[in-house]
Amino acid sequence: MVFQWLDYVTRTTGRFTKSLRIMNLTGLGMSIMNRRDMRRDGDIMSLMEDCYPQSLESIKACFAPTFINVLWTFAKAILPKRVVEKFDIVNPIKNRKRF
């Protein structure tokens, strides 16, 4: 549905429209994370990226717990630059200018 709206806005305005995905990670813990759900979400994002490769502007993860920040620090070193540029971990209270 989101991609249909992006397509509609792009066609009616003549300007390429991209999406922004905001994830609220408040209360996220290792015990809450479900591998099956994470894999499904990853598969869906991969499929959408294959169908609409340039439609995702970025993903902002808000209020991430410390372990996510640590994991992201290590992951940035091994992930492709195009992936790292599209993902950002922010705390909206501390980083108002990044939004």
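This is a predicted model: local features need pLDDT of at least 70, side-chain atom pairs count only at pLDDT 80 or more; totals for chains, interfaces and linings use all residues.

Trainee: How many helices and strands does the chain have?

Mentor: The chain contains 4 helices and 3 strands. Read from the N terminus, the elements follow the order α-β-α-β-α-α-β.

Trainee: In what order do the strands lie in the sheet, and is the pairing parallel or antiparallel?

Mentor: Let us take the general idea before the case. Strands of a sheet pair through backbone hydrogen bonds, and the pairing is either parallel or antiparallel. In this model, the 3 strands form an open sheet with the order 1-2-3, and the pairing is parallel. Strand 1 (19–24) and strand 3 (87–90) are the edge strands, each pairing on one side only. From one strand to the next, the twist averages 20°.

Trainee: How many bridges join strand 1 to strand 2, and how many join strand 2 to strand 3?

Mentor: Strand 1 is joined to strand 2 (residues 56–62) by 6 bridges, and strand 2 is joined to strand 3 by 4 bridges.

Trainee: Is strand 2 mostly covered or mostly open?

Mentor: Strand 2 is mostly covered, with 6 of its 7 residues buried. Across the chain, buried residues make up 21% of the 99 residues.

Trainee: Now to a single residue. Where does Ala 64 lie, and why is it classed as buried or exposed?

Mentor: Ala 64 lies in the loop between strand 2 and helix 3 (66–78). Its relative accessible area is 16%, so Ala 64 is buried, given that buried means under 20%.

Trainee: Which residues does Ala 64 touch, not counting residues up to four places away in sequence?

Mentor: With those residues left aside, Ala 64 touches Leu 25, Asn 69 and Ile 89. A further relation concerns Gly 27: Ala 64 and Gly 27 are 37 residues apart in sequence, and their C-alpha atoms are 8.4 Å apart in space.

Trainee: What share of the contacts with a separation of 6 or more comes from residues 24 or more positions apart?

Mentor: Such residues account for 73% of the contacts in the chain with a separation of 6 or more.

Trainee: Where is Thr 17 placed, and does it count as buried or exposed?

Mentor: Thr 17 is in the loop between helix 1 (2–13) and strand 1. Thr 17 counts as buried because its relative accessibility is 19%. Not counting residues up to four places away in sequence, Thr 17 touches Leu 6, Val 9 and Thr 10.

Trainee: Which residues form a nonpolar patch on the surface?

Mentor: Ile 78, Leu 79 and Val 83 form that patch, and together they have about 270 Å² of accessible area. Ile 78 is found in helix 3. With a relative accessible area of 74%, Ile 78 is exposed, the cut-off for exposed being over 50%.

Trainee: What does the accessible surface of the chain come to?

Mentor: The accessible surface of the chain comes to about 7,900 Å², and 59% of that belongs to carbon and sulfur atoms.

Terms used:
Residues are numbered from 1 along each chain as its sequence is written. Side-chain values use heavy atoms; hydrogens and water are left out. Two strands pair if DSSP finds at least two bridges between them. Helices (H or I, at least four residues) and strands (E, at least two) are DSSP runs, numbered from the N terminus. Axes are lines fitted to C-alpha atoms, for helices over the stretch in contact, and angles run from 0 to 180 degrees between N-to-C directions. Buried means under 20% relative accessible area, exposed over 50%, partly exposed in between (1.4 Å probe, protein chains only). Contact means heavy atoms within 4.5 Å. Patches are made of residues with over 30% relative accessible area and no salt bridge: like charges are joined within 9 Å, nonpolar side chains (Val, Leu, Ile, Met, Phe, Trp, Tyr) within 5 Å. Accessible areas come from the Shrake-Rupley method with a 1.4 Å probe; for residues, only the protein chains shown count as cover. A salt bridge is a side-chain nitrogen of Lys or Arg within 4 Å of a carboxyl oxygen of Asp or Glu.
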